[in-house]
Amino acid sequence: MTEENPKEWADKTAQYLRHCQETTFIDHIRGIRYSLIQQHDEDEVRQVLAESFVYGNEIVKHRGITVEEYKEAAVTEYQMALEDQLGFVARDIQSNQVVGVALAYTYASVIKYIQNKDVVAESSEAMAPIMDIMQQLYAKLLKVESFDPDQAVIFEDTARVRDERFAGKGIGYACFKILYAHIYRQGYSILLGISFNPYTQTWASLHSFKKVCCIHLSEYTYRDQKVFSSLAEKGFDSLCLYLKRGQ
C-alpha cells in the first residue's frame with residue numbers, strides 16, 4: 001500500500017475538519033501534531049514567524065527589519081488570532097518544538113485595533129511604512145460593493161521553521177489547509193489575503209480569489225518618500241488585497 005504523502009494527508013484532514021469539532025490533528029507518518037493556538041504557544045510562534053519573514057519576505061528584508069522588531073510587531077497579530085480562535089500551530093511530536101504556524105483574524109478585530117491605537121506611530125521606524133500601507137489597503141476595502149465586514153477573515157501568515165529537518169513534510173501546506181477549513185467551519189464566508197509577490201498573486205487568481213484593491217509600490221509615499229520604489233523595479237509592482245467568497 002502506498003504511503004499517504006503530505007499533501008494527501010492535509011487535503012483529507014481539512015475535508016474531515018469541516019464536518020467535526022475537533023481542534024487537534026496528528027500526522028502520524030511525519031510525526032507532526034496540528035492544534036488550535038493557545039496562549040502558551042505565543043513565544044515560539046512569534047519566533048518562527050519572525051525568522052521566516054525577516055529572511056524570506058522581500059518587503060520585510062527591504063526595510064531591514066530585525067527578528068526582534070518583527071517579534072514585537074507580531075504580538076498584536078498573535079493576540080488577535082488567539083482571541084478570534086483563528087490560528088493553528090504545528091509541533092514536532094518527538095521534541096514538542098513549534099515547527100509551523102498559520103494565523104488569521106477577523107476584519108472586525110483589525111478595524112477595532114486600528115481605531116484604538118495609532119499603529120503607525122507606535123511602530124518602529126523600519127516597520128512604520130508597512131503598517132501604514134496596510135492600513136490604507138484595509139480602508140480601500142470598505143468601499144468594495146456588498147462587502148460584509150462581519151463575515152470577513154484576514155488570512156495573515158503561514159510559516160515553517162527554518163530547519164531542513166522539517167523540509168518536505170508539507171507543514172506549511174497543512175497549516176494553511178487546516179486553518180482554511182477551520183475558518184469556514186466557524187461560519188465566516190469571506191476570506192481575505194494580502195500579497196505583493198507576483199507568484200502568490202497568480203496563485204490567488206487561479207484559486208478563485210478576486211483582486212479587489214491595490215496600492216502601487218512605485219507610487220506609494222511615506223513621509224514624502226517613495227520607500228518601496230526599488231522593490232517595484234525588481235518586479236514587485238503592487239500590494240494587493242484578494243477576496244474569496246463562499247466555502
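Reply: A residue is called buried when its relative accessible area is under 20%, exposed when it is over 50%, and partly exposed in between, computed with a 1.4 Å probe on protein chains only. This is a predicted model, in which local features need pLDDT of at least 70 and side-chain atom pairs count only at pLDDT 80 or more, while totals for chains, interfaces and linings use all residues. Residues are numbered from 1 along each chain as its sequence is written, and side-chain values use heavy atoms, with hydrogens and water left out.

A disulfide is taken as a pair of cysteine sulfur atoms within 2.5 Å. Searching the whole structure gives one disulfide. Its partners are Cys214 and Cys240, whose sulfur atoms lie 2.1 Å apart. The angle about the S-S bond is 110°, and the link of Cys214 and Cys240 is right-handed. The pair joins distant parts of the chain, 26 residues apart: Cys214 belongs to strand β7 (residues 210-216) and Cys240 to strand β8 (residues 238-245). Strands (E, at least two residues) and helices (H or I, at least four) are DSSP runs, numbered from the N terminus.

Cys175 takes part in no disulfide; the nearest cysteine sulfur belongs to Cys20, 17 Å away. Cys175 is buried, its relative accessible area being 0%. Cys213 is likewise in no disulfide, and its nearest cysteine sulfur, that of Cys214, is 6.8 Å away. With a relative accessible area of 9%, Cys213 is buried.

Between strand β7 and helix α9 (229-233) runs a loop that holds Arg223. Arg223 is not a glycine, yet its phi is positive, about 55°. Its relative accessibility of 66% makes Arg223 exposed. Gln85 also has a positive phi, near 55°, in a residue other than glycine. Gln85 sits in the loop between α4 (67-84) and β3 (87-92), where it is partly exposed at 27% relative accessible area.

Pro198 is part of helix α8 (residues 198-206). Contact here means heavy atoms within 4.5 Å. Leaving out residues up to four places away in sequence, Pro198 touches Gly235 and Phe236. The C-alpha atom of Pro198 is 8.0 Å from that of Asp237, although 39 residues separate the two along the chain. Pro198 counts as partly exposed, with 35% relative accessibility.

The helix packing comes next. Two packed helices are described by the angle between their axes and the distance between the axes. Axes are lines fitted to C-alpha atoms, for helices over the stretch in contact, and angles run from 0 to 180 degrees between N-to-C directions. Helix α1 (residues 6-17) packs on helix α7 (residues 171-185) at about 10°, with the axes 9 Å apart. The two are therefore roughly parallel, a label for angles under 35 degrees, whereas angles over 145 are roughly antiparallel, 65 to 115 roughly perpendicular and the rest oblique. The crossing of α1 and α7 is right-handed; that term applies if the near helix is turned clockwise from the far one by less than a right angle, and left-handed if anticlockwise. On the α1 side the contact includes Lys7, Trp9 and Asp11, and on the α7 side it includes Tyr173, Lys177 and Arg185. By class, the contact of α1 with α7 has eight nonpolar, two polar and four charged residues. Ala, Val, Leu, Ile, Met, Phe, Trp, Tyr, Cys and Pro count as nonpolar, Asp, Glu, Lys and Arg as charged, and the others, Gly among them, as polar.

Gly170 lies in the loop between β5 (152-160) and α7. Residues up to four places away in sequence aside, Gly170 touches Pro6 and Tyr34. Gly170 is partly exposed at 23% relative accessibility.

The axes of helix α5 (residues 107-116) and helix α6 (residues 128-141) come within 12 Å and cross at roughly 120°. The pair α5 and α6 is therefore oblique, and its crossing is left-handed. Tyr107, Val110 and Ile114 of α5 meet Gln135, Tyr138 and Leu141 of α6. The contact of α5 with α6 has, by class, five nonpolar residues, one polar and no charged.
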